[in-house]
Amino acid sequence: MTIVNRSSYYGIDIFKFFFAIVVIAIHTEPFKYYRFIHESSLYDAICAMAVPYFFISFGFLLFKKTHMESSNQIATIILKAIYKIMKL
């Protein structure tokens, strides 16, 4: 298996942008008066994927950052990442 070292993953960024808009739509309910969209199975499926996508992409990027590090450095990187999330 070949691991590609890249600093940017544009596909992940595009999906993060899309799912950020979906999360906003979940909280603001812009389609609540459009019954055919609001009760759609596709709408529900997309909304159900939004938050898990952020966890999955975070885990992927964290793995890419730590896969060649020693155990002490991995612990430091993970603690920094958790601290960064908790600051938000």
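**Entry 1**

I started at E29, which counts as partly exposed because its relative accessibility is 37%. My scale calls a residue buried under 20% relative accessible area, exposed over 50%, and partly exposed in between (1.4 Å probe, protein chains only). The model is predicted, so local features need pLDDT of at least 70 and side-chain atom pairs count only at pLDDT 80 or more, while totals for chains, interfaces and linings use all residues. Residues are numbered from 1 along each chain as its sequence is written, and side-chain values use heavy atoms, with hydrogens and water left out.

E29 lies in the loop between helix 1 and helix 2 (35-38). I noted its place just after helix 1. Most residues other than glycine have a negative phi.

**Entry 1: The whole chain**

I counted elements next. The chain has 4 helices and 0 strands. Helices (H or I, at least four residues) and strands (E, at least two) are DSSP runs, numbered from the N terminus. From that end, the order of elements is α-α-α-α.

How much of the chain is buried? Buried residues make up 17% of its 88 residues. The accessible surface of the chain comes to about 7,400 Å². Carbon and sulfur atoms account for 68% of that surface. Areas come from the Shrake-Rupley method with a 1.4 Å probe, and for residues only the protein chains shown count as cover.

I then checked contacts, meaning heavy atoms within 4.5 Å. I took those between residues at least 6 apart in sequence, and 66% of them join residues at least 24 apart.

**Entry 2: Helix 1**

Which residues of helix 1 are buried? They include I12, F19, V22 and A25. These cover an arc of only 135 degrees around the axis, so they sit on the same side of helix 1. The arc is that of the directions from the helix axis to the C-beta atoms. On the other side of helix 1, I found Y10, I14, F17, I24, H27 and T28 exposed. What covers the buried residues of helix 1 includes helix 3 (41-66).

**Entry 3: Salt bridge**

I searched for salt bridges, each a side-chain nitrogen of Lys or Arg within 4 Å of a carboxyl oxygen of Asp or Glu. The count came to 1 salt bridge. It joins the side chains of D13 and K16, at 4.0 Å from N to O. The two are 3 residues apart in helix 1, which means that about one helical turn separates D13 and K16. An α-helix has 3.6 residues a turn, so residues three or four places apart point the same way. D13 counts as partly exposed because its relative accessibility is 38%. K16 counts as partly exposed too, at 29%.

I looked up S57, which is in helix 3. Is S57 buried or exposed? S57 is buried, with a relative accessible area of 6%. Setting aside neighbours within four places in sequence, S57 is in contact with I12 and K16.

D44 lies in helix 3 as well. Its relative accessible area of 43% makes D44 partly exposed. D44 and I26 are 18 residues apart in sequence, and their C-alpha atoms are 9.6 Å apart.

I also checked Y9, in the segment before helix 1. Y9 counts as buried, at 12% relative accessibility. Y9 and L61 are 52 residues apart along the chain, with 9.2 Å between their C-alpha atoms.

**Entry 4: Nonpolar patch**

Last, I looked for patches. They are made of residues with over 30% relative accessible area and no salt bridge, with like charges joined within 9 Å and nonpolar side chains (Val, Leu, Ile, Met, Phe, Trp, Tyr) within 5 Å.

Which residues form the nonpolar patch on the surface? They are F58, I78, L79, I82, I85 and M86. Together they have about 580 Å² of accessible area. Helix 4 (residues 71-87) gives the most, with 5 residues. I82 lies in helix 4. At 44% relative accessibility, I82 counts as partly exposed.
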